[in-house]
Amino acid sequence: FLFLDYSDKHPNHLQAFAAFKYFNLLLVLQLFGLFSFVVVQFFNVDKIKRRFYTGFTVLLLLTAICLAILCSFDNFIGLQTSFSGALYFSGRLFTYLGVIILLFCSAFVLGKEALEKGFGKGKSNSLSVAFGLVLFISGMMLLAAFHQLSMIPLLILILLPIVVFYRRSFAFLKLVLFTSFVDYNKVNYWGYIAFYILIISLGINLLSILSPYPYGFDARNYYLNVTQLIAENQGLVSGFQPYNWQLFMSSGFILLKSHELSILLSFSAYILTLIGVNEFSRKIFKLDINYRLLLMCIFTVTPAIYNQLSIDVKIDFALLFFQVVIVHQFFKYLGKEKPKFTFLLLISLLSGFALGIKFTHLYLIATLVIVYWSVNAGAIGLLVSSTMSIAIFLLVKIDDVGGLRQAHLGVDVVQWAVGAIGLGLLVYFFITQRQKSLKLVRFTVLFAVLTSIPILPWAMKNYMDTKSLSPKSLLMGESPGFKTSFNKMDALYKQNLNK
């Protein structure tokens, strides 16, 4: 139904099938897939299967698919791919991948150590990477605040955790490259097909973004622009809303002066998302590995996802990765009778950091509060939390951030009406179930306060830029460039109309 709906809305995209020219490439991919299928699945030897379903094999497959696509395209335009050209491409690719692995290794060991020492956690690999990224990017922000975000300080920040916690570093490299996937021996024929299509899809997207010039408008004019400004300035730049992930992406420019590496760092966030989805669906929903592979495959080839993987590579997958980890941990939090304060602190810190990646994370924060109230208080909790959330969003004009407020008819009346209904329901809930209502209010206030901690540095930076204490200015910062609006331009046009 998803693809039928897409073809109905985008009939021109069907021409891609009618005008398809790369039949040689398709044949090569099919034959290679068939050969791998026979060797890995049909013979079904555990030793072969164990080595095939590893990260190192995935990297080799991605490289082979990229080279096959390059040869096919060169042949289509009448050129011939030279051995030296293929070797040069492979060397560049493995250089970028090596830097990315080092960056995530540093983040992983930081997160693992902090979670085990401070929170009594660390078994979840996706959580370790996520919390490690919080610490690593916070270190980058500290360097950037003093305009010291250059190559030497950044290399120290990367290599110091790797050297200090060298045992964890070796464990990470072994896990990423040579450890078999969990339940690899349960992959059946359909699971292999989903896995192979997933690798091909990732390979096509990987090759399409290995370009020194971003294709997408937003990626080129905003996200990569901010990233390069940070690197050139060796510190924070005035204006813009919080840009946690652009700080991380600036590593590509600082270390190798490479657009490709910066874009790949954003692309790698999608790989982290797949890892998080796999872990979440395995531990919470107990999905079989074949269903998990199918889920990741369908998710990857969905047009909306595919577009952001290959054309307009932005920061949304970084936000998505953190949201998957947050939801995973929130499910665990709901499953505990008396969860520890440190558990809530961990979820809140991750949420606050995600808010510094993109402000739209605020919608998930509100959703988590609504779910918590609903689980603990039933229908009345759902009604109170949802109406109050909607009222707060409208009253503080959060819907205006994305330019949606003008589409909300009668919003000035609706916000007060919904607020009055929510307040009335809250009073009724307090009268009928005082203890439970106080518990839920305490949770909400505590969650909001703890979530605001990671965003405070950005609020301070935005205040220094704008000298304004308005919530919108503190959270969103100052728009860079000349300050204007349609009304101002219209008035200026009319003034000069008869001149």
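Which residues make a nonpolar surface patch of about 840 Å²? The views below are taken from a predicted model.

**View 1. The nonpolar surface patch.** Phe 42, Phe 43, Val 45, Ile 48, Tyr 189, Trp 190, Ile 193 and Ile 197 make the patch, which covers about 840 Å². Helix H10 supplies the largest share, four residues. One of the patch residues, Ile 193, sits in helix H10. The relative accessible area of Ile 193 is 38%, so this residue counts as partly exposed.

**View 2. The second largest pocket.** The volume of this pocket is about 1300 Å³. Its lining has 42 residues, and those closest to the pocket centre are Gly 55, Val 176, Phe 181, Ile 271 and Ile 275. Two or more lining residues come from each of helices H5 (55-76), H6 (83-119), H7 (125-145), H9 (166-177), H10 (189-209), H14 (259-283) and H15 (289-301). H14 gives the largest share of the lining, with eleven residues. Sorted by class, the lining of the second largest pocket holds 30 nonpolar, seven polar and five charged residues.

**View 3. The loop at Gln 234.** Gln 234 belongs to the loop between helix H11 (217-233) and helix H12 (244-249). Its phi is positive, about 55°, although Gln 234 is not a glycine. Most residues other than glycine have a negative phi. With 34% relative accessibility, Gln 234 is partly exposed.

**View 4. The loop at Lys 286.** Lys 286 is located in the loop between H14 and H15. Lys 286, a residue other than glycine, has a positive phi near 55°. The relative accessible area of Lys 286 is 64%, over the 50% cut-off, and Lys 286 is therefore exposed.

Methods:
Residues are numbered from 1 along each chain as its sequence is written. This is a predicted model: local features need pLDDT of at least 70, side-chain atom pairs count only at pLDDT 80 or more; totals for chains, interfaces and linings use all residues. Side-chain values use heavy atoms; hydrogens and water are left out. On a 1 Å grid over the protein atoms alone, a cavity is a set of points where a 1.4 Å probe fits but cannot get out, and a pocket is an open set with protein on both sides within 12 Å along at least five of seven lines; lining residues have an atom within 4 Å of a point. Grid points are joined across faces, edges and corners, and a volume is the space filled by probe spheres set on the points. Ala, Val, Leu, Ile, Met, Phe, Trp, Tyr, Cys and Pro count as nonpolar, Asp, Glu, Lys and Arg as charged, and the others, Gly among them, as polar. Patches are made of residues with over 30% relative accessible area and no salt bridge: like charges are joined within 9 Å, nonpolar side chains (Val, Leu, Ile, Met, Phe, Trp, Tyr) within 5 Å. Accessible areas come from the Shrake-Rupley method with a 1.4 Å probe; for residues, only the protein chains shown count as cover. A salt bridge is a side-chain nitrogen of Lys or Arg within 4 Å of a carboxyl oxygen of Asp or Glu. Buried means under 20% relative accessible area, exposed over 50%, partly exposed in between (1.4 Å probe, protein chains only).
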